[in-house]
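Thanks for passing this one along.

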Amino acid sequence: MNPARDSAKPDALLSVRDLSIRFGGLTAIASMTFDANAGEIVSLIGPNGAGKTSAFNAITGYLKPTSGDVRFKDRSLLGLSSNAIAARGVVRTFQKTSVFGGRTVLDNVLMGLHLRSRQTAISILLGLTSVAREERELTDEAIEMLAFVGLVPRAHELASALPYGEQRLLGVAIALAAKPSLLLLDEPVSGLNPAEKASFMGLIRRIRARAITIVLVEHDMRTVMGVSDRVVVLNQGRIICDGAPAEVQRNPEVIKAYLGEGFARAHH
Amino acid sequence: MRPGALDRDQRRFSLDQLLQHGLNAIILGGTYALLGIGLTLIFGIMKVVNFTHGEVYAFGAYVMFALVMPLGVNFFVALVLAMALGILLGAAIELLLLSRLRDADIDTTMLVMIGAWIAMQNTEQLAWTGVAHSIKNPFPPEPLVWGALSVSWNRLFVFAVASLLIAGTYYLVNWTKFGKALRATFQDRDTAALMGVRIDRVNTATFALGSGLAAAAGALLGPVFVVVPTMGDLAASKAFAIVILGGLGSVVGATVGGFILAFAEELGSGYISSGYRDAMGFVLIILILLVRPTGLFALKERIS
Amino acid sequence: MTRWLPHLFVLFLASVPLWMTDNYILHILITTGIFIIAAMSLNLLLGYTGQLSLGHVAFFGIGAYASALLSLGFEAHIAPGLLVKVLPKPVWFAMLGGIASAAVCGYAIGKLAFRVRGAYFVIVSISFAEVVRLVALNWVELTQGPMALNNIPALKLGAAGLELSFLKKPMVYTLVLAVAVLSYVLIRRLVQSRAGRAMIALRENESLATSVGIDVTAYLVLATVVASAIAGAAGALYAHYVRIVDPDIFLFIYTVTMVIMVVTGGKGTLAGPIVGGVLFGLLPESLRAMAMPPEVQWIAYGVLMVLVVYFLPRGIVPAINERWGAGEATASPLRNLVVAAKARS
């Protein structure tokens, strides 16, 4: 749209340009600019209220930004509905546990496979055999997805009956079922115990190994520093640092605004 | 009457007609606003779609009828009693049916309220039969005439009392301690509870207040029209239209919405067809959804 | 064994006209069947998409009026100076027209009403049914208003010589049963497919459903179109059975009857509306047998609705499933597939 402004690198999968979000008088995000390159794991960190979840909501169409642009594969996502953005390959998870509580774990993943399915209303109502065949394929794929996150033994339990940690895994499985090329994870390890966190880090790496780019919003510094290729630090709606984990950890402004307190917490 | 069929005489008088319709609308709008405010308060505070609202309105009218006609109670005393009994009825409904469903989702409470509505309406039908009753009023029968305009004394009284009650509700919501608790609950129920607001009491009081306003509207309009068991349905549908128009939960919206609906009905029945008078509310609902789905005054953070 | 139970049940129902000679009982079964069809269609919205649609009787009534008018023929001004004249059509064609009219209205109202959710949606759906009722009452040129459409012909199929007439009750019963089975099959196909999963997903968690690419509004509209078409079919059956249609067909109490059938039986289950429908199809008859005025029936419905919400919030079918451990989810063929897949790996 505006090539003069576009300073994105050619391999930037997602580029957020001058994104601002204001609610009434409150500025959630002021002119945020960052890229996520294909195959990268980028973390977005910052104290509570720094605007991280608002950024996710704006990228995925749940929130209309006040100004700025969000481009994915060099096409703007602005103005698209959330489901259309998912269809383009940008899928997010939610901060609060988000599963289809009243259904079985397997059904949950089948629901996530919506975009993968080719059934039309007419073929369904006519009861075509192609529908039945595809249902079997979908079930196989759903089980494969459950195997990937380690939930096959839970396939027939109600999602709401799963322990918290497994609900988070299911949330990731649902998102992966939508076949994203960019996955946005919103505080995926909050509330998990250390063992669960460690295994979740492994899961994040395995997701990247499937050629899925990841943007992570997370408070847990050990996870962030452990998996990220790059870390973007937000404070009061502004980006104060963007670099490799080691760089960010040395940045005095970051330490002052956030990490000092964060590390103190992590070491307790 | 077809649009082209107006003859010369009618054309000549159309300005007077328009003014007369406008006056009727203002008089009617006061009671409509009263109905709408009760409903919108209950929704705003309790997140309950009160399907019994119309039945409480009918209840008010029937109490008025029972007190004035067979028992011969003074008209004005009966009005006060009807409103008081409406308040009690509202409190009873809330305590009996809703207090235990405080954490239930909105669909659950809606089903309960629909059940209560059906039961109440048919009880009225059973108790009073389908025959329409009229209520005698103590006002002079000849209307107050001013130029080409005329208005009955009874309607004028209705408008005055409705305005008084609306003003009283605004005062209650904006300037009293109860109103403060109300507004706090409206903004954030959990936080209000943490700050020491007794949510259960606020709920009961809100439902009682809203029901009292509905009963008052019924008691006021009963003597203007006639009293029939199905009158509640029409009142409920109008109250819903008013509240959708103004935005669920907005007291100002309900007030303005009441007058807008009254104007639409007066003009609709005067210039289209009297059969569609009662359709105007629904037409307005559909129009508002096309143009501005959250209503004219959808103020998420504020109650008034 | 349990797989064949539904088929045996349908066979049993199909045999009823062979041995049941009591016309009154057949009449009750016919009206109950028509209501069950309508309740099944409402369940698609109420149970599967989770939208409390309280204007459903409108589609039933539109199906009835459209079918009756097409079979009778009519002349009416659609707009000032635009006179539409329709000659009487064969009843089967009229019934299809009724279904199509209901579906078209379902599409339009779905597009409009699903701009809002929750309380707004509920009020809009009620208003829609009321507007339709007022039009039926006041558009006398087309609908005869309160005078009702009379002498609606019964369905006749086939040509001279080999003619099937659906005038007598056993034939009407068979027709209603056939439409009910067809509706059941269509609804089952829908809810056990990608479309049904999308509907359930939006009921369970709308933002999550959107996040995996489900076009929530499109599926709400699809559900409304299918539900209104089936309700329209029920209305058409009704019109050509009782052979008189008046604006009271749009009364809110009939929507309430459908809702209470679905909620009591178990919303979001395939069997729920059938169980609830049988129960509330027969209840009024037993009340009538006790010589109660109709108000008592409605009062009983209202009280029952409250009691069901309090004591059986998910309905009879899920309660039975829990008791006997045979939930619809576990009874699905997918379970076997998963077991097989686990064995493979």
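1. Let me start with the layout. Chain B is divided into domain 1, spanning 41–229, and domain 2, spanning 232–304. Keep in mind as you read on that this is a predicted model.

2. How far apart are the C-alpha centres of domain 1 of chain B and domain 2 of chain B? They lie 18 Å apart. Across the boundary, 18 residues of domain 1 of chain B are in contact with 13 residues of domain 2 of chain B.

3. Which elements build the domain 1 side of that boundary in chain B? Those giving two or more residues to the side that touches domain 2 are helix H2 (14–46), helix H3 (53–68), helix H6 (153–175) and helix H7 (177–187) of chain B. H3(B) gives the most, with five residues. Sorted by class, this side of domain 1 of chain B has 10 nonpolar, six polar and two charged residues.

4. Now for confidence. The average pLDDT of chain B is 84, and 93% of the residues score at least 70. Among the elements of chain B, helix H4 (residues 75–98) has the highest mean pLDDT, at 94, while helix H1 (residues 8–12) has the lowest, at 47.

5. Two stretches of chain B deserve a friendly flag. Over residues 1–9 of chain B, pLDDT stays under 50, and the model has one contact beyond four places in sequence for them. Residues 299–304 of chain B also have a pLDDT below 50, yet this stretch has 15 contacts in the model beyond near neighbours in sequence.

Note on methods. Residues numbered from 1 in each chain as written. Chains lettered and ligands numbered in written order. Predicted model: local features only at pLDDT ≥ 70, side-chain atom pairs only at ≥ 80, totals over all residues. pLDDT = per-residue confidence, 0-100. Helix = DSSP H or I, 4+ residues; strand = E, 2+ residues; numbered from the N terminus. Contact = placed C-beta atoms within 7 Å. Domains from an automatic or database assignment. Nonpolar A, V, L, I, M, F, W, Y, C, P; charged D, E, K, R; others polar.
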